[in-house]
Amino acid sequence: MINDLPLVVGVDLGGTSISVAVVNATTGDILVMVRRKTNAEEGAAAVCERIAVTVRKVIKEAGVRRKDLYGVGVGVPGPVNPMTGV
């Protein structure tokens, strides 16, 4: 049963594409993965919304509930400064 697995969501934010996957945290097996264009020219808010929509999509496609996930990890290129939003 899928709900017994230690599942996590991984997000890879790149300059040209966003990859989001539901992954078995123990084995590293990918259950579902979706790639979309980043479309960075649309701005940070649009990219964040695209990530959120894609996370919801992979969770639904994997057939799991958000509350059953152990966590979400996000990888971004370069340094991150939460004070400036960059």
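Of the contacts in the protein chain between residues at least 6 apart in sequence, 44% join residues at least 24 apart. Contact means heavy atoms within 4.5 Å. This is a predicted model: local features need pLDDT of at least 70, side-chain atom pairs count only at pLDDT 80 or more, and totals for chains, interfaces and linings use all residues. Residues are numbered from 1 along each chain as its sequence is written, and side-chain values use heavy atoms, with hydrogens and water left out.

The protein chain holds 1 helix and 4 strands. Their order along the sequence is β-β-β-α-β. Helices (H or I, at least four residues) and strands (E, at least two) are DSSP runs, numbered from the N terminus. Along the principal axes, the C-alpha atoms fill a box of roughly 40 × 20 × 20 Å.

Now the surface. The protein chain exposes about 5,700 Å², an area from the Shrake-Rupley method with a 1.4 Å probe. Carbon and sulfur atoms supply 57% of it. Of the 86 residues, 30% are buried. Buried means under 20% relative accessible area, exposed over 50%, and partly exposed in between (1.4 Å probe, protein chains only).

Next, the helix. Helix α1 runs over residues 44–62. Its 19 residues should span 27 Å at 1.5 Å a residue; the expected span is 1.5 Å times one less than the number of residues. The end C-alpha atoms are 27 Å apart, which agrees.

Which residues of α1 are buried? They are Val47, Arg50, Ile51, Thr54, Val55, Val58, Ile59 and Ala62. These residues cover an arc of only 165 degrees around the axis, which puts them on the same side of α1. The arc is that of the directions from the helix axis to the C-beta atoms. An α-helix has 3.6 residues a turn, so residues three or four places apart point the same way. Ala45 and Lys60 are exposed, on the other side of α1.

What do the buried residues of α1 pack against? Their partners are β1 (7–13), β2 (17–24), β3 (30–37) and β4 (69–75). Just after α1, Gly63 takes a positive phi of about 75 degrees.

Thr38 lies in the loop between β3 and α1. Thr38 counts as buried because its relative accessibility is 3%. Leaving aside neighbours within four places in sequence, Thr38 is in contact with Leu13, Gly14, Gly15, Thr16, Ser17, Ile18, Val47 and Arg50. Two of these, Val47 and Arg50, are among the buried residues of α1.
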